[in-house]
Amino acid sequence: MEASSCLRYQVCGFGLSWIWLCLLLLHLLQNCSLVLSDSPYLVGMGSYDITGPAADVNMMGYANAEQVTSGIHFRLKSRAFIVAEPDDGKRVVFVNLDACMASQLVNIKVLERLKARYGDLYNENNVAISGIHTHAGPGGYLQYVVYIITSLGFVRQSFDVIVDGIEQSIVEAHNNLRPGKIYVNKGDLLDAGVNRSPSGYLNNPAEERSKYRYNVDKEMTLVKFVDDEFGPVGSFNWFATHGTSMSRTNSLISGDNKGAAARFMEDWAEQNGLPKQTGHANSDDFGSLHLPRRVSTIIPEPDEITDDLMQLASSYKASGGRILASSNITRRIRNTQKNNAKFVSAFCQSNCGDVSPNVLGAFCIDTNLPCDFNHSTCNGKNELCYGRGPGYPNEFESTRIIGNRQFLKAADLFNSASEELQGKVDYRHTYLDFSQLEVSVSTSTGGQQVVKTCPAAMGFSFAAGTTDGPGAFDFKQGDDKGN
């Protein structure tokens, strides 16, 4: 089962330790006045592997005790972006993880390591760590009890590889800091996310619903980084859709649709010679850009990754002791250029709430009929109602399609980005106790009353789960009363 509404925004990537940067950047980007220094800025990016234990570790996201890792669909990465003012001015760090989310414990350990390396240069005020919300990564790396119940406690291997990867990606970004420019662009992507609780959305007042064209956020906002010497060197974007193209029965480690989109864009950039020049992206570009697909949970089809590896193996000839230049296929699989900037692209999670990548809708697995609209049930049973992705019944294909749609939109925004950001680098960070906030609410007599919030609670809908991952015990969506 998925997290309840009261927890879901943290699960989607909005932990209090770094929400400041996401909100600040989103607000400033929308007002076209991101507080960055006069050109040239110093921009740097880096990435590092964070693929955790690939066998016998419970996965994070669906809270399904039976969902344990048994292999790898594709590897996970930490991607770091640093923007700094020249001459020892202020700087900010944004890290995007191919993981369900970060955590306070992860943040603390990363900051300890950065302090040991750089002193006070990077700290809790200017380092933000975000997760893409994939449900197909190893779990057990959070310190919160509710998140590690199904993993039977803390998993040190999961934790260590994430902390190590974050640290190394920041180190690489720090070492790559060079003068550059930053651009912003935005546009709507209509076919990569739907509301998985449309009946719940209709409970909002009509006057509020009339302010929006869609019942979920369809806008993608992209930030483009251009090195003064090498040209375009990276980007990250925010777009709302869950990392649930891979189902709760999947057992292969995967970055789901956002991890796939990042892989597509980085491969596209390399094929088109970036960071030297910008190439045009379209669906035909994928003659040699594929995710591994599966005909079962463990057997790969032989015509994709295997073909790449065979080409790589055949590219190494007997040298007789002579040093040989690496082949094109070698460079495509592993970049061997030491002096060029590495292109890094992150597909970040935003207000994913009830946004599902299973865009065909929710259907009953016993009848193939649509689920009950109000409660997402089938003959009264919550467990039989599942959302379907565009590649149904192949969830690996759904992952590829939703990732491809995000990639194509991001590439279009990347190529057409012309609005340059200017200003000073700045950041905001605060801790808020949400259980002690005063809120003014309307009373039945038309007046106003000040009330206080209370500690968070999990209602019936938490146990019911969602159409991306149904719960159990006959709990139903929409049954919350007074929670």
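This is a predicted model: local features need pLDDT of at least 70, side-chain atom pairs count only at pLDDT 80 or more; totals for chains, interfaces and linings use all residues.

Biologist: How do you know that the span of H7 agrees with what its 16 residues should give?

Modeller: The expected span is 1.5 Å times one less than the number of residues. For the 16 residues of H7 this gives 22 Å, and the end C-alpha atoms are 22 Å apart, so the two values agree.

Biologist: What makes H7 mostly covered?

Modeller: A residue is called buried if its relative accessible area is under 20%, and twelve of the 16 residues of H7 are buried. Among them are Phe264, Met265 and Trp268. The buried residues of H7 pack against strand E4, strand E11, strand E12 and helix H10.

Biologist: Why is Ser356 called buried?

Modeller: The cut-off is again under 20%, and Ser356 has a relative accessibility of 2%, so it counts as buried. Ser356 is found in strand E13, residues 355-356, and the unreviewed UniProt entry carries the annotation "active site" for Ser356. Leaving aside neighbours within four places in sequence, the contacts of Ser356 include His242, Arg196 and Asp468.

Biologist: How do you know that the buried residues of H3 are on the same side of the helix?

Modeller: The buried residues of H3 are Val106, Asn107, Val110, Leu114 and Tyr118. They cover an arc of only 95° around the axis, which puts them on the same side of H3. An α-helix has 3.6 residues a turn, so residues three or four places apart point the same way.

Biologist: What makes E3 and E7 the edge strands?

Modeller: Three strands form an open sheet in the order E3-E2-E7, with antiparallel pairing, and strand E3 (68-70) and strand E7 (137-138) are the edges because each pairs on one side only, where pairing requires at least two bridges between two strands. Strand E2 and E3 are joined by two bridges, which meets that requirement. In this pair, Asn58 stands opposite Val68 in E3.

Technical notes. Residues are numbered from 1 along each chain as its sequence is written. Side-chain values use heavy atoms; hydrogens and water are left out. Helices (H or I, at least four residues) and strands (E, at least two) are DSSP runs, numbered from the N terminus. Buried means under 20% relative accessible area, exposed over 50%, partly exposed in between (1.4 Å probe, protein chains only). Contact means heavy atoms within 4.5 Å. UniProt positions are given in the numbering used here, feature names are shortened, and annotations may be inferred rather than shown by experiment. The arc is that of the directions from the helix axis to the C-beta atoms.
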